[in-house]
Amino acid sequence: MPTAPHQQPATTGLILTGGGARAAYQVGVLAAIAQLRRDAGVGGSGGVNPFPVIAGTSAGAINASTLACQADDFDAAVDGLMHIWQNIHVDQVYTADAFGVIRTGARWMTMMSLGWALARWKRSRPRSLLDNEPLRHLLKRWVRIERLQSMLEQGHMDALALSGSSYTSGQHVTFYQTLKDIEPWLRSQRISVRAQLSIEHLLASSAIPFIFPAEQLDLDGQLEWFGDGSMRQSAPISPAVHLGAERVLVIGAGRMHEPPGRRVPLVEGHPSMAQIAGHALSNIFLDALAVDVERLQRINNTLGLLTPEARAATPLRPIDVLVIAPSRRLDEMAAEHQGSLPPAMRAMLRGVGVQGEGKGASGSALTSYLLFEPSFTNELITLGLSDTLARRADVQRFFGWPSEPPKVDWASLRRRQAGFAAEASGDAGKVTQPA
């Protein structure tokens, strides 16, 4: 609902989930929101950040950090994300040439099949299927993480949270940076830690299991190995709420609900390793979000049934939530672009069952997380734009923006501008009526 003039606007949180290359969809959604805000005539000429609280996981952590570190100009931050995702290539994220694939992927699969024979040669144990060292270099150029503290100090941001999963302790950890007096929270298998966020936190949060190597982070004075924050993340919305969000926009990286009816399998027979891996990754990246949204909606409905007195007695509070998620299956979209991968990657993925292109393709769910190529990411951005514009009324209601753009008296505005220009030049008395 629109905010009354005497009320402070609700603190808005943004949740950006994981999904490798699928995160390009988020950029399309953000671009549409920026456009709708400009159409509504709100936000000011400087592109004031509409999300004081931002929480990101996996590839969503990278997008989240980019927004937070440029919170003094939201529109420019979104434009920067658009430029990167529209022009990204796999070799900017992981080593995809023949030598690199042999050095990591081929050795990894060899160890899976012949590990019993090679175990005594420790140097033959690769850490992951792919080497994401190019991503480290890209993030150092792309994400100006050193600006985060100043964005907090200047009031452009309240808090940024990035999540990771510790292979060392088994706990899901949310690292957050804020100037506010927010005590760390503790839940079953989930903890939070106040920290000075870094590029290493981004690499850890986005380290897709098996595919990218783990990253070491300091946790209460001890170094632990961390992987993708989507693992064991049972409550993706929780960090934003703990950090003060009163309403939350959630941008997913996969369909929240499948259409009714049985889906016809594209390939008969036993599922390949690629199909199983894609199914497992979808479970890690997508399922927890749908469950958490349903949980939040149930809590909101229950609170709505309580009397004002009973509601005041509970620590729970209603959280307005808007979820924007793809209207199409992203694995089916990826199937149309599998041929965009470098030859060495296509050859390696064929070894685990990724085959074909288009409707007859198999293993495309796995490919959708690795397809950092413009042909795929641009289609995702376009989908994010169209999905968000199709829900224009929902977005306007959520933010309290007017459904009609403000009426501007352009003739009066031109006269005022002409007067200001004349005053600046010392000729205010000589202004003539503009045409």
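## Overall make-up

The model is a predicted one. Its secondary structure consists of 16 helices and ten strands. The protein has 435 residues, and 51% of them count as buried. Its accessible surface comes to about 20900 Å², with 55% of that area belonging to carbon and sulfur atoms.

The contacts can also be viewed by separation along the chain. Among contacts in the protein with a separation of 6 or more, 74% are between residues 24 or more positions apart.

## The packing of helices α3 and α14

Two packed helices are described by the angle between their axes and the distance between the axes. Helix α3 covers residues 74–87, and helix α14 covers residues 374–390. They pack at an angle of about 140 degrees, and their axes are 7 Å apart. Angles over 145 degrees count as roughly antiparallel and those from 65 to 115 as roughly perpendicular; α3 and α14 are therefore oblique to each other.

On the α3 side, the contact is made by M82, W85, Q86 and N87. On the α14 side, P374, T377, N378 and I381 take part. By class, this contact has four nonpolar and four polar residues, and no charged ones.

## Salt bridges

Side chains of opposite charge can pair when their charged atoms come close. The whole structure contains 14 salt bridges. One of them joins E215 and R136, whose closest N and O atoms are 3.0 Å apart. This pair links distant parts of the chain, since E215 lies in strand β7 (residues 215–219) and R136 in helix α5 (residues 133–142), 79 residues apart. Are these two residues buried or exposed? Buried means under 20% relative accessible area. E215 has a relative accessible area of 12% and is therefore buried, and R136, with 17%, is buried as well.

Another salt bridge is formed by the side chains of K180 and D158, at 3.4 Å from N to O. This pair also links distant parts of the chain, 22 residues apart. K180 is in the loop between β4 (172–178) and β5 (186–187), while D158 is in the loop between α6 (148–153) and β3 (159–166). K180 is partly exposed, with a relative accessible area of 44%, whereas D158 is buried, at 18%.

A further salt bridge connects E336 with R328, and the closest N and O atoms are 3.7 Å apart. Both partners are partly exposed: E336 has a relative accessible area of 39%, and R328 has one of 33%. Elsewhere, salt bridges that share partners join E133, R136, E200 and E215 into one network.

Which residues of α5 are buried? They are P134, L135, R136, L138, L139 and W142.

R329 is located in the loop between β10 (320–324) and α11 (330–335). With a relative accessibility of 18%, R329 counts as buried. R329 and A253 are 76 residues apart in sequence, yet their C-alpha atoms are 9.8 Å apart in space.

Terms used
Residues numbered from 1 in each chain as written. Predicted model: local features only at pLDDT ≥ 70, side-chain atom pairs only at ≥ 80, totals over all residues. Heavy atoms only, no water. Helix = DSSP H or I, 4+ residues; strand = E, 2+ residues; numbered from the N terminus. Buried < 20%, exposed > 50% of the residue type's maximum accessible area, 1.4 Å probe, protein only. Contact = heavy atoms within 4.5 Å. Areas by Shrake-Rupley, 256 points an atom, 1.4 Å probe, with all protein chains shown as cover. Axes fitted to C-alpha atoms, helices over the stretch in contact; angles between N-to-C directions. Parallel < 35°, antiparallel > 145°, perpendicular 65-115°, else oblique. Nonpolar A, V, L, I, M, F, W, Y, C, P; charged D, E, K, R; others polar. Salt bridge = Lys/Arg side-chain N within 4 Å of Asp/Glu carboxyl O.
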